[in-house]
Amino acid sequence: MATALFYLFGAGALFSAANVVFRRQAVPAAIWLVTCFFFLAGEFLLLGFPFLAAIQIMVYVGAIMVLFLFVIMLLDLQAHQPIQSQFRHSIGGALALVLVALAFVAASGGQALEAENQPAAPEISALVEALFTRYLLPFEVTSVVLVAAIVGALTLGRSPGGSDHPAKS
Amino acid sequence: MEITWIRAALTLLVGFGLMMSLAAGMSLVERKLSAFIQERHGPNRVGPFGLLQPMADLIKFVFKEEYVPNSVNPLIYKLAPAIAAVPAMMTFAAIPFGFLDGQPLVIANINIGVLYVLAVGSLGIYGIILGGWSSNNKYSLLGGLRASAQMVSYEISLVLSLVAVIAVSGSLNMSEVVAAQDHHWNVFLQPVACLIFLVTMFAETNRHPFDFAECEPELVGGFHTEYAGMRFALFFLGEYIAMVVMSGLMAALFFGGCDVPFLDIADTPWWLGALAMLGKTAFFLLLFVWVRWTLPRFRYDQLMWLGWRVLLPLSLANLAITGLVLALLGPEGGHA
Amino acid sequence: MPELTYFEHLSYILPEVAVTLGLCLVLCWEMFSRRQDRTAEARRARGMETGILSLGFLAIAGVLLLIRFSWNPATVFGMVEVDRFGTMFKLFITSAVAVVIGFDLMDRRAQDDGRSETYFLLLTAVLGSYFLVSSYNFLLIYLGLETLGLASYALSGMHKRGRASAEAALKYVVYGALASGIMLFGASLLYGLSGTLQVDEMAGHIVTAVREGRSVQVALPTLLILVGFGFKLSFFPFHWWAPDVYEGVPTPIATFLAVGSKGVALAAFLRVLAMAFAGIMVFDDPSVGILNEPTPFLANLGGTLAIISAATMLVGNLAALRQTNLKRLLAYSSIAHAGYIMMGVAVLKPSGFEAATLYTFIYYFMNLGAFGMVLYFANQTGSEDIGSLKGMGYSHPWAGVATIVFLASLTGLPPTAGFAGKWILMMEAWDGGLGWLALWTGLMSVVSLFFYFRIAKMLFLRQADQEIAVVRTPILSGMLVVLAVFSVVFLYFDPLLDLAKTGINDLFY
């Protein structure tokens, strides 16, 4: 049952991901990405990480994709223009896909790559403890990355020479 | 095995019935109360005191023509109302109504209940966004756009305020959070978080004074301009159920849930506990209506200002102070 | 080793802490100082203040690094190796960014807007580089790479000088994101193979896999990770972003991208290679003699790197021939140099790594000088076109002569350090069985002579079209002269070579 569901969710995730790429309109593509995230959350659930599944939905679906949709809709006010793409790009993409797939088959040697010491699904407290002890340094570095990203985004978004307060009146 | 199935079916039935009747009752109460506030009569023709008005409304919605405008994106247009209503219904499953023989009275006793509610609850916005987008109508699109911006701005503060509560209670399980509040409700331990949650609760349900997504004077009907009949009713239902869930969350997470003042949770009869929970939920539902007919709507930049420059720093500071205090109190701090 | 307390751990990463404090302070300074005062003078002054502040903190970090250089290697936080190799490259990036900030302060064409943000982002990049060069945990390596990357993207997009620049920044972000995604993919495959993110623990699994003939399982992730580093090092076929981006951004930022970010990416690449593959590399260990039997996997990896190296040289040098924009030309030149450096890596031996490290240090001096030259003449003429240099050598003798030195060094002509570095690289390649690559490098150096000396020709053999008033920039001229002196002095490279040897020694033994 669990295995069947695992493959079902996996196929669903792949199908959704393919749709993200092949949709010509931005909003449906974004919706397919949302579906893809759902299937991935389902995989996390099956693997015994309900916490990750909930976070996945909350952060990616509930916040990030809403922001994506906001931006798409903000830019797409005029018309539902299809995304232009060129035939030779599709050929290149397909070729890359086939190559990578072949490489993966070769790499796995016909059998699934299996982690030798697969960790057991941890409790949330264990997850948190690892985050604040073993992985404390990466955790802190992440905050620097985020601050850099925020400052970068703000600087890029600011109109040149303008003030910080566009709508303050 | 069979007992479990029957029990599950019963729980579902009772829970669903409760949710639907709360939502339907809410539509009547809203109209009655608004009439009272504005010194009108309100609905009083269908049944005694207009009590059957929700039924009449339902029948009207069901028999209305399901009109699909030509210019819309049909699939998403038809899907959007369901997307708006279903997540709200799903979150209701995690609201605990008390304890029966030590077992929590809840449809789904999820270990990470708070996260579940936040995760699933954050999906309802998609109904509004997609409804607004697929309608292919400027007003609808603007409504969807506003809803998404507002959602992103307030979701963070909402989550952060709840994280402080979780830190104090030491659990993500809703029933355990309720049990931890025996005699000392979180509203007293986390007054700032409670205030932030109160504000964001209105924003998340798109209720007045945050109802920018529909906003009749500016956007006609906002995201649901192009909707009629049962589809419109689903949007409506989603909003009301979301209100019920948010009120339930408020009651359970900040006001002790089934805890009756001056009684131990363990000693409280289950019906009294459930009644207490229902009463608290009803209070916040009434608050929604009360606020709607009392306060004017924000201006849009005020909305953004409040979200990003007041609530977000406040909730971050609240979380930081909570963490600091808990760390100073040591592992025995808080309820744990 | 006794268990270290948290603060003892922290004491090992004091330079990182200093830089973090510095970047916080720069950010706060910009936020809180004279917020109301938005005149051009106030903004210029604020840029100057934050620049000096950043330089101060970089100096503190540099001193701390120098002190730490004599310490014994230690592992802190379970994933950061504090050794001389890392410290060496930390000094490298610290001083490079200090020079970049100096350039920026002296850039007469710089906008006053967003200067503090520039310094903030540069400091962030320094911090990311610190973790990048000293970590052997893929999570931290990725985070370091991403910190460096995000800062670089923002830096390259900040100065909106028209559509081309915006397009370049966008390209950089999109392809950078793709490259780091591919690299993460490779790391996750290695995680699948070994069940750990620590490169040192992966090494055992890698050796076993190669010995048991499952080398494809290692080869694929290695190639994917190569993409991530290849993008930062801008070697073929991941080089095309560099010319557009270098041309679009202000010269100081281009300097940073060409020198700083490339150097630290190389360091991290060397560390990962050394840690992951030391178990199968064929080299003379002074204590036990030759360690390992040659494996086909190693030969293939070396061959791949050698081909990449040769192709990178070809692409860089040929494309540089046709450039008229100085920064674009230097971009292709730096691509070609990535090819030279990769030659040392392709040998896959400590001695080859030493040569690559040494060449990176020499590259640092001559490329800082070359970009400084662009900045200097752009300050004079307001143009980065090669034609604008006509006859400038006579009106600016010091800078002109220094430029000749940099160009000679970049070409690899005898009286300069560039010659020495390239010579050692070629010898290493020859000894490592890559004789054809050494010959190829010689050929490519001859090709490079043409475009480097087009610049020299403009400077000294052409008459200026019109007189341009000389703008005196003593500090910048001084910096150029010092860099030029270094570019010559390091022909006698013994201390530098010793340094590289010490570092690589830490890496392997």
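**Exercise 1. Work out which chains touch, and which pair has the most contacts.**

*Solution.* Start with the contact rule: two residues are in contact if their C-beta atoms, placed from the backbone, lie within 7 Å. Two pairs of chains touch, and the most contacts are between chains A and C. Next, take chains B and C: these do not touch, and their nearest C-alpha atoms are 15 Å apart.

A note before going on: this is a predicted model, in which local features need pLDDT of at least 70 and side-chain atom pairs count only at pLDDT 80 or more, while totals for chains, interfaces and linings use all residues. Residues are numbered from 1 along each chain as its sequence is written, and chains are lettered from A and ligands numbered from 1 in the order in which they are written.

**Exercise 2. Describe the side of chain B that touches chain A.**

*Solution.* First, count the residues: the contact takes 21 from chain B and 18 from chain A. Second, find the helices (DSSP runs of H or I with at least four residues, numbered from the N terminus). On chain B, H4 (113–121), H5 (124–134) and H6 (138–169) each supply at least two residues of this side. H6(B) gives the most, with eight residues. Third, sort by class, where Ala, Val, Leu, Ile, Met, Phe, Trp, Tyr, Cys and Pro count as nonpolar, Asp, Glu, Lys and Arg as charged, and the others, Gly among them, as polar. The side of chain B that touches chain A then has 15 nonpolar, four polar and two charged residues.

**Exercise 3. Characterise the packing of H3(B) against H5(B).**

*Solution.* Begin with the geometry. Two packed helices are described by the angle between their axes and the distance between the axes. Axes are lines fitted to C-alpha atoms, for helices over the stretch in contact, and angles run from 0 to 180 degrees between N-to-C directions. The axes of H3 (residues 74–92) of chain B and H5(B) come within 7 Å and cross at roughly 165°. H3(B) is therefore roughly antiparallel to H5(B), a label for angles over 145 degrees. Then take the handedness: the crossing is left-handed, meaning that the near helix is turned anticlockwise from the far one by less than a right angle. Finally, look at the residues. Those in contact include B:Ile76, B:Tyr77 and B:Ala80 of H3(B) and B:Tyr126, B:Ile128 and B:Leu130 of H5(B). By class, the contact has 11 nonpolar, four polar and no charged residues.

**Exercise 4. Do the analysis for H9(B) and H13(B).**

*Solution.* H9 (residues 191–204) and H13 (residues 300–329) of chain B pack at an angle of about 150°, with their axes 10 Å apart. H9(B) is therefore roughly antiparallel to H13(B). Here H9(B) passes H13(B) in a left-handed crossing. In H9(B), B:Val192, B:Ala193, B:Ile196, B:Val199 and B:Thr200 meet B:Leu311, B:Leu314, B:Ser315 and B:Asn318 of H13(B). These residues divide into six nonpolar, three polar and no charged.

**Exercise 5. Locate the largest nonpolar core.**

*Solution.* Such a core is a set of buried Ala, Val, Leu, Ile, Met, Phe, Trp, Tyr and Cys residues joined through C-beta atoms within 7 Å; buried means that 20 or more other C-beta atoms lie within 10 Å of a residue's own. The largest core has 197 residues, and C:Leu122, C:Leu270 and C:Ile362 have the most contacts inside it. Its largest share, 20 residues, comes from H14 (residues 350–381) of chain C. A second, separate core has 119 residues, including A:Phe70 and B:Leu130.

Definitions and conventions: A residue is buried if 20 or more other C-beta atoms lie within 10 Å of its own, exposed if 12 or fewer, and partly exposed in between; C-beta atoms are placed from the backbone. Angles under 35 degrees count as roughly parallel, over 145 as roughly antiparallel, 65 to 115 as roughly perpendicular and the rest as oblique.
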